[in-house]
Amino acid sequence: MVTRTRPWHGIMVATTLPFRDDLSVDHDAYADQVARLLAAGCDGVVPNGSLGEYQTLTDDERARVVRTAVEAAGDGDRVMPGVSAYGSAASRRWAEQAAEAGAGSVLLLPPNGYRADPAAVRAHFAEVAAAGLPVVAYNNPFDTKVDLTPGLLAELHADGSIVAVKEFSGDVRRAYEIAEVAPELDLLIGADDVLLELALAGAVGWVAGYPNALPEACGTLYRSAVAGDLDTALPLYRALHPLLRWDSKPEFVQAIKLSMDLAGHCGGPTRPPRSPLAAEQSAALRSATEKLLADGHH
């Protein structure tokens, strides 16, 4: 059994957000989704991340999503809202809102409106950390064009600005360098398709996408991987990987929502500018999901 000792540890599901046919937010369905994931063995949820389409939400919608998640979870330590924004002041306000709602930690990208230098990155994280909640850094150099290298992460941790990093670079070698230069910084798996590699390298959590659709199978995979039980983890990882790799593709939101629909959960549409999957993408995803469901992976 893996022991969870911090609010950002374990399987923290980066939740999708259900929309009605008119693309308004279905907050009741979202509350049900949070409760379903926790009942299935996930440790917590991450609202207002990219999977939650936060960029398309109004301020009122975004704030209510956090409040809904905390209420549905029944324990704010199980909620880690994304607080990314173009400006540091806006990100700090979102962190303060998360604290007021009772969340236990927050997830923060570096400045993502321009290619920030290390000094600007450190100032940005220090500003948001001043809101008082533990900050988990999100390293996504593909979308932000800012790379939180192991050295920069060590500086941010030494500044007292971050407690962990969601590592999405895909370079599993970094796990070992991070452990060397910042041994007290927690490593969280940031992409579904490098789960096994980062779990074996010492990750203590997973900011996860595909548990939205297959929480039990993904939970077994994560727990066996961090326990070093390769007899269980490796064949399951191979079976799930045709879906897990969608988490690293631009269409990851549409893909995970389609898999949710096929699994009998509330996935539904995405807001523009995200458009439905192309026919060949949908067919491939449908085939992979239905095979896993038929094989008993839920």
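Start by selecting Q254, K257, L258, D261, G268, P269, T270, R274, S275, P276, L277 and S282, which line the second largest pocket. A pocket here is an open set of points on a 1 Å grid over the protein atoms alone, where a 1.4 Å probe fits, with protein on both sides within 12 Å along at least five of seven lines; lining residues have an atom within 4 Å of a point. The volume is about 200 Å³, taken as the space filled by probe spheres set on the points. Colour helix α11 (residues 252-262) too: with 4 residues, α11 gives the most to this lining.

The model is predicted, and local features need pLDDT of at least 70, side-chain atom pairs 80 or more, while totals for chains, interfaces and linings use all residues. Numbering runs from 1 along each chain as its sequence is written, and side-chain values use heavy atoms, without hydrogens and water.

Next, go to the largest pocket, with a volume of about 720 Å³. Of its 35 lining residues, S50, Y54, Q55, L109 and D143 lie nearest the centre.

Then pick A164, whose partner in β6 is D186.

Notes: Helix = DSSP H or I, 4+ residues; strand = E, 2+ residues; numbered from the N terminus. Pairing = 2+ DSSP bridges.
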